[in-house]
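Me: I have a protein model open and I'd like to go through it with you. Can we take it one topic at a time?

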Amino acid sequence: MKLKKTIIGLSFAALFLLGGCSKQEKKAAPALTKTQVVQKMKKGFQSGQVIQSVTLGTDTSSQVALANTTFGGKTTVYHITNQTTSKGKTSSTEEWVNLNNVYINGQDTWYKADLEKLTGHNYADLTDAIMNNHMITNPSDKLVSAYKMKKSKKDGVYTYTLTAKSTDQALMKEAAAPIFDTTAQSTNQAKIFSQIKKLGKYQSMNVKAVIKGNKLSTFNVFVNMKLGKLMHVKVGQSYGNFGSHDFLRVPDSATNAKDLPTTNTKKK
């Protein structure tokens with residue numbers, strides 16, 4: 001009788017242990033296909049950071065126009081640090097952009113102006129280039145086909161890396177156009193970029209997207225061009241820090257800005 005009770009007790013203990021083990025075990029999520037990874041990327045983002053750059057160079061010198069932008073908010077706003085580097089010297093400006101104005105930090109005083117009159121592009125252009133970037137949200141079949149995928153796994157989470165190299169003229173122009181159109185810091189610079197976009201010879205493009213788990217982590221695209229016999233041009237757009245600025249807003253110190261003084265160039 002004691003032996004029977006002992007056996008029954010051991011059986012219940014075994015069932016309990018087996019039951020406990022089954023509750024602790026979690027089925028690992030299956031790896032995604034390239035098509036599924038692209039679909040995850042296409043979901044887009046609400047906020048983040050992007051660095052846009054246009055580099056003009058020869059064998060002996062270079063000039064760089066760079067816009068480092070954080071973006072987000074209920075109605076998207078953009079906080080932009082512009083930098084221009086030429087002949088070893090760098091100048092920078094700080095701006096906030098919303099639906100209505102661009103607000104410029106004049107060190108002691110904030111000034112407001114019409115973005116398009118100041119730079120040659122408007123709020124809609126900026127939103128199309130950054131928030132609605134077709135390279136991310138609606139990649140062409142050619143780009144998707146060009147992607148090669150690698151995956152790795154850590155702590156049960158997959159990281160997928162998509163890379164593509166292309167010399168397709170249409171793809172390169174599609175990638176470069178929004179960068180040329182929205183990185184300019186003045187109307188004069190916008191005219192120069194427009195000419196480069198039109199006259200430059202597109203040579204190659206590199207694209208890299210990293211998706212961690214189910215979300216886009218980083219996205220980079222660089223297009224290489226040649227202008228004339230000596231000038232090399234490189235335009236780029238690098239995204240990261242997605243989801244880090246969902247509640248971004250223009251500070252009161254900027255919205256209380258004065259109108260930007262205009263210079264009258266007419267001779268009396």
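Me: Is R249 buried or exposed?

Reply: R249 is exposed, with a relative accessible area of 52%. Buried means under 20% relative accessible area, exposed means over 50%, and partly exposed lies in between, with a 1.4 Å probe and protein chains only. This is a predicted model: local features need pLDDT of at least 70, side-chain atom pairs count only at pLDDT 80 or more, and totals for chains, interfaces and linings use all residues. Residues are numbered from 1 along each chain as its sequence is written, and side-chain values use heavy atoms, with hydrogens and water left out.

Me: Which residue forms a salt bridge with R249?

Reply: D252 does, and the closest N and O atoms are 3.3 Å apart. A salt bridge here is a side-chain nitrogen of Lys or Arg within 4 Å of a carboxyl oxygen of Asp or Glu. D252 counts as partly exposed, at 46% relative accessibility.

Me: How many salt bridges does the structure hold?

Reply: Three. One of them joins D168 and K142, with the closest N and O atoms 3.2 Å apart. That pair links distant parts of the chain, 26 residues apart: D168 is in the loop between β8 and α7, and K142 is in helix α6. Helices (H or I, at least four residues) and strands (E, at least two) are DSSP runs, numbered from the N terminus.

Me: How exposed are those two?

Reply: K142 is exposed, at a relative accessible area of 52%. D168 is partly exposed, at 22%.

Me: And which residue pairs with K197 in a salt bridge?

Reply: D181, with the closest N and O atoms 2.8 Å apart. Again the pair links distant parts of the chain: K197 sits in helix α8 and D181 in helix α7, 16 residues apart. K197 is partly exposed, with a relative accessible area of 26%. D181 is partly exposed too, at 35%.

Me: Why would such side chains pair at all?

Reply: Side chains of opposite charge can pair when their charged atoms come close.

Me: New topic. How many helices and strands are there?

Reply: The protein chain has nine helices and twelve strands.

Me: How do β9 and β10 pair?

Reply: Strands β9 (residues 201-212) and β10 (residues 215-227) pair in the antiparallel sense, over eleven bridges. Two strands count as paired if DSSP finds at least two bridges between them. M205 stands opposite V223 in β10. The hairpin of these strands has two residues between them, and G213 there takes a positive phi near 65°.

Me: What does β10 do with β11?

Reply: Nine bridges join β10 to β11 (residues 231-240), and the two run antiparallel. K226 stands opposite H232 in β11, and V221 stands opposite Q237. Their hairpin has three residues between the strands, where G228 has a positive phi near 70°.

Me: Where does β1 come in?

Reply: Strand β1 (residues 48-57) is joined to β11 by nine bridges, also antiparallel. S53 has G236 in β11 as its bridge partner.

Me: Now the inside. How many residues has the largest nonpolar core?

Reply: The largest nonpolar core has 53 residues. M41, F180, M205 and V223 are among those with the most contacts inside it. Helix α7 (residues 169-183) gives the most to this core, with six residues. A nonpolar core is a set of buried Ala, Val, Leu, Ile, Met, Phe, Trp, Tyr and Cys residues joined through side-chain atoms within 4.5 Å.

Me: What does V207 touch?

Reply: Its contacts include M135, L143, Y147, L162 and F219, not counting residues up to four places away in sequence. Contact means heavy atoms within 4.5 Å.

Me: Which residues of α2 are buried?

Reply: V37, V38 and M41 are buried in helix α2 (residues 34-41). They lie on the same side of α2, because they cover an arc of only 100° around the axis. The arc is that of the directions from the helix axis to the C-beta atoms.

Me: What covers them?

Reply: The cover over the buried residues of α2 includes α5, α6, β7, β8, β9 and β10.

Me: Last one. How much of the chain is buried?

Reply: Buried residues make up 34% of the 268 residues in the protein chain.
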